[in-house]
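User: Hi, I have a structure open and would like to go through it with you. Could you help me make sense of what I see?

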Amino acid sequence: MLPLVGGIEAGGTKFVCAVGTGPEDIRDEVRFPTTTPAETIGQAISFFQEQQAKHGELQAMGIGSFGPVDPNPQSPDYGKITTTPKPGWQNADFVGKMKEAFPVPTGFDTDVNGAALGEHKWGAGKGLDTFLYFTIGTGIGGGGLVNGKLMHGLIHPEMGHIQMPRDPEKDPYKGKCPYHGDCFEGLAAGPAIEERWKMSAKSLPPEHPAWDLEAYYIATAMRDFICTISPQRLILGGGVMDQEHLFPMIHKKVLESLNGYVQSPAILDNIEEYIVPPALGNQAGIAGAFALAQLAME
Ligand code: ADP
Ligand code: ZN
């Protein structure tokens with residue numbers, strides 16, 4: 001029998017907590033808004049305590065978190081959310097608080113590394129050893145596996161903050177990132193779309209020019225990551241990618257932008273299976289948290 005674990009998909013807007021063994025076996029799930037660390041982590045702890053009373057001891061805990069985070073177990077700041085602009089959360093000791101309540105193996109990583117690990121185990125990353133997962137939602141983040149291992153390096157990748165070639169004639173919007181203005185996240189995350197077009201992204205019709213521009217920024221970023229990481233697949237999730245019509249636009253623009261240079265049939269003949277939505281859909285985050293818990297037990 002697979003071990004019962006707890007998972008937290010910790011977003012800047014909401015937390016999702018669940019217990020289970022995988023995406024097909026979620027015993028119970030709860031969501032609540034992200035307020036202060038004390039209140040929100042406290043709510044997570046209460047939920048898991050109730051769950052333990054119902055289902056028995058949790059064997060491990062997995063947390064995929066908004067960031068930046070410190071995911072290096074060797075570091076004095078391991079387990080904390082570090083320089084986030086989110087008020088109250090700077091240096092919040094997330095893992096420390098969880099471990100006080102649940103002294104079990106605990107996996108802690110970025111939300112996107114977590115989601116990538118979940119897709120590797122159960123979804124669109126199965127059988128691959130090098131692929132990337134992006135979320136395009138309130139912010140933009142990217143993570144994934146390289147040669148079979150989650151990417152960390154110095155801290156962890158911040159793929160949403162690469163510089164974009166913005167043409168001020170075509171796009172006078174200066175961008176929303178508090179650090180860089182018109183970086184990828186500053187130009188293409190949900191809140192940037194909404195501020196630029198003064199409309200909720202959900203209600204922009206498919207033929208609106210917003211989407212051509214959005215597809216252009218996403219495709220440009222994907223070309224850069226194809227050329228730097230050589231991923232076997234790119235998985236694009238997050239609220240903005242619920243606009244399914246973006247996929248064919250991105251496919252076309254990535255092919256145009258690469259201009260035949262990367263000679264792989266995976267790209268040239270099969271781009272629809274190369275840049276894809278998460279196979280786990282909106283379960284990718286919580287499945288990822290389970291996968292992080294399971295990895296912590298190994
Ligand atoms: P989070 O980033 O908090 O995990 P989401 O990935 O759902 O949550 O991202 C929320 C953002 O995505 C919102 O700011 C909104 O602009 C955008 N968004 C959500 N749903 C849609 C949709 N159906 N179409 C376009 N944009 C969306
Ligand atoms: Zn930025």
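User: Let's begin with Arg-233: is it buried or exposed, or something in between?

Analyst: This is a predicted model, and in it Arg-233 is partly exposed, because its relative accessible area is 22%, which falls between the limits of 20% for buried and 50% for exposed.

User: Where is Arg-233 in the chain?

Analyst: Arg-233 sits in the loop between α6 (209–229) and β11 (234–237).

User: And what does Arg-233 touch?

Analyst: Not counting residues up to four places away in sequence, Arg-233 touches Ala-124, Leu-128, Thr-130, Phe-131, Leu-132, Glu-273, Tyr-274 and Val-276. As for Glu-24, which is 209 residues away from Arg-233 along the chain, the C-alpha atoms of the two are separated by 23 Å.

User: Which value does phi of Asn-147 have, then?

Analyst: For Asn-147 phi is near 50°, and here too the value is positive in a residue other than glycine. Asn-147 is found in the loop between β9 (140–146) and β10, and it counts as exposed because its relative accessibility is 64%.

User: Which residues does the cis peptide bond join?

Analyst: A cis peptide bond joins Gly-67 and Pro-68, with omega at about 5°. Pro-68 has its place in the loop between β4 (60–65) and β5 (80–81).

User: New topic, the metal. What holds the zinc ion (ligand 2)?

Analyst: The zinc ion (ligand 2) is coordinated by four residues at 2.0 to 2.4 Å, namely His-161 and His-180 through their ND1 atoms, and Cys-177 and Cys-183 through their SG atoms.

User: What geometry does that site have?

Analyst: The site of the zinc ion (ligand 2) is tetrahedral, with angles of 103 to 122° among its four donor atoms. In sequence, the donor residues follow the spacing H-x15-C-x2-H-x2-C.

User: Where do His-161 and Cys-177 lie?

Analyst: His-161 and Cys-177 both lie in the loop between β10 (149–150) and α4 (184–188), so the pair ties together parts that are 16 residues apart in sequence.

User: Buried or exposed, those two?

Analyst: His-161 counts as partly exposed, because its relative accessibility is 23%, whereas Cys-177, at 7% relative accessibility, counts as buried.

User: Now the helices. How do α3 and α10 pack?

Analyst: Two packed helices are described by the angle between their axes and the distance between the axes. Helix α3 (residues 111–122) and helix α10 (residues 284–297) pack at an angle of about 85°, and their axes are 7 Å apart. That angle makes α3 roughly perpendicular to α10.

User: Which residues meet there?

Analyst: From α3 the residues are Gly-114, Ala-115, Leu-117, Gly-118, Glu-119, Lys-121 and Trp-122, and they meet Ala-284, Ala-287, Gly-288, Phe-290, Ala-291, Leu-292, Gln-294 and Leu-295 in α10. The residues of this contact divide into nine nonpolar, four polar and two charged.

User: Take Gly-118: buried or exposed?

Analyst: Gly-118, which lies in helix α3, is buried, because its relative accessible area is 0%. Leaving aside its neighbours within four places in sequence, Gly-118 is in contact with Gly-123, Leu-280, Ala-287, Gly-288 and Ala-291.

User: And Trp-122, what is its relative accessibility?

Analyst: Trp-122 is also found in helix α3, and it counts as partly exposed because its relative accessibility is 25%. With neighbours within four places in sequence left aside, the contacts of Trp-122 include Ala-287, Phe-290, Ala-291 and Gln-294, and among them are also Thr-21, Gly-22 and Pro-23.

User: Last one: where is Thr-110, and what is it in contact with?

Analyst: Thr-110 lies in strand β7 (residues 106–110), and it counts as buried because its relative accessibility is 6%. Apart from neighbours within four places in sequence, Thr-110 is in contact with Gly-64, Ser-65, Val-69 and His-156.

Note on methods: Residues numbered from 1 in each chain as written. Chains lettered and ligands numbered in written order. Predicted model: local features only at pLDDT ≥ 70, side-chain atom pairs only at ≥ 80, totals over all residues. Heavy atoms only, no water. Axes fitted to C-alpha atoms, helices over the stretch in contact; angles between N-to-C directions. Helix = DSSP H or I, 4+ residues; strand = E, 2+ residues; numbered from the N terminus. Parallel < 35°, antiparallel > 145°, perpendicular 65-115°, else oblique. Contact = heavy atoms within 4.5 Å. Nonpolar A, V, L, I, M, F, W, Y, C, P; charged D, E, K, R; others polar. Donors = N, O, S within 2.8 Å, 3.2 Å for Na, K, Ca; no water. Tetrahedral: all angles 85-135°; square planar, octahedral: opposite > 155°, others 65-115°. Buried < 20%, exposed > 50% of the residue type's maximum accessible area, 1.4 Å probe, protein only.
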